[in-house]
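Please look over the fold, the packing and a few selected residues in the report below.

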Amino acid sequence: MKKSSTWIMLAPGLIILLVCLAMPLLKVLVPTFTIGDYPFSAYVQFFQDEYYLKIFFRTVRIAVITTAVCMLGGIPTAYFISRCSKKWRGLLLAASIFPMMTNSVIRSFAWINILGSNGIVNKLLMALNVVEKPMKLLYTDFAIIIGSVYLFLPLMIVTVTGVMENIDDDMMEAAQSLGANRLLAFMKVIFPMSLPGIIVGGILVFTGTLTAYTTPQLLGGNSNMVLATLIYQRAMSVGDWNGASVVALIMIIVTLVVIKGFNALAAKLDKRGEKG
């Protein structure tokens, strides 16, 4: 009875996923396996094309750097917030997620005003005589990374804070009482216990950056294309839906590989419960 009732409760969600996700996805992706002279030739041609390879590696590189920066900035911030009183914790979390309440297009336009040739950064650098002429900050990989970090850092902070606030302060005190300094105690106690949140946050940031369209399009321009903007170009500008589907499946596979890699790394780093 319990098993049947479980399937009855799961049925609506499974049907929605099947009809709205699985079936359209298969309808789009299956034809890509047979186009060309031999099976999967479209995918072979993608990785043989230097232009597409350049876009692929640029996208992965930007996603990796963005994830690393968000981890470096998000983990200490999350730890600080988690150790504040409930009053300040709520205020700091609200401040962290406040940028997410603004549309990504508006946020990208703000960075255009900051990084542009006549933007705040270049005006400041020229006023301080650091540079003689405006630097090219906009429409670069650097601009995409800056915009992506600003876009996804709140996800990392909120996700990790939710895990860290459930870790008792006595853990740190016990480690310090045994001779560990605060940094070592954090790395040996808090960090391993926070891995579930860090892994989830890392996956959210990586996949979000990998699939983002608005920020790379506005801050990177057509000269710094990523996979998401390539999909739009192939589908909407060229009308090559099969080519766009090939890129989409490659992005899905990369995402699944990264998720698997994050989980494997977490299992390797988390040594709790092992006998020495």
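## Basis of the model

This is a predicted model, in which local features need pLDDT of at least 70, side-chain atom pairs count only at pLDDT 80 or more, and totals for chains, interfaces and linings use all residues. Residues are numbered from 1 along each chain as its sequence is written, and side-chain values use heavy atoms, with hydrogens and water left out.

## Overall fold

The chain has 12 helices and 0 strands. Helices here are DSSP runs of H or I with at least four residues, strands are E runs of at least two, and both are numbered from the N terminus. Along the principal axes, the C-alpha atoms fill a box of roughly 75 × 70 × 35 Å.

Contact means heavy atoms within 4.5 Å. Among contacts between residues at least 6 apart in sequence, 70% join residues at least 24 apart.

## Surface and burial

Of the 276 residues, 39% count as buried. Buried means under 20% relative accessible area, with a 1.4 Å probe and protein chains only. The chain exposes about 16400 Å², and carbon and sulfur atoms supply 69% of that area. Accessible areas come from the Shrake-Rupley method with a 1.4 Å probe.

## Nonpolar cores

A nonpolar core is a set of buried Ala, Val, Leu, Ile, Met, Phe, Trp, Tyr and Cys residues joined through side-chain atoms within 4.5 Å. The largest such core has 52 residues. Within this core, F46, M164, I190, L227 and L230 touch the most other members. Helices that each supply at least two residues include α2 (41-48), α3 (50-82), α8 (169-177) and α12 (241-269). Helix α9 gives the most, with 12 residues. Apart from this core lies another, of 7 residues, among them W111, L137, A143 and L219.

L227 touches F46, I55, F56, T59, V247 and M251, leaving out residues up to four places away in sequence.

## T159 in helix α7

T159 sits in helix α7 (residues 141-164). A polar atom of the T159 side chain lies 2.6 Å from the backbone oxygen of L155. Beyond its neighbours within four places in sequence, T159 is in contact with G197, V200, G201 and L204.

Not counting residues up to four places away in sequence, R234 touches Y52, G239, D240, W241, G243 and A244.

Definitions and conventions. Buried < 20%, exposed > 50% of the residue type's maximum accessible area, 1.4 Å probe, protein only. Polar contact = N/O pair within 3.5 Å; in protein donor to acceptor, adjacent residues only side chain to side chain.
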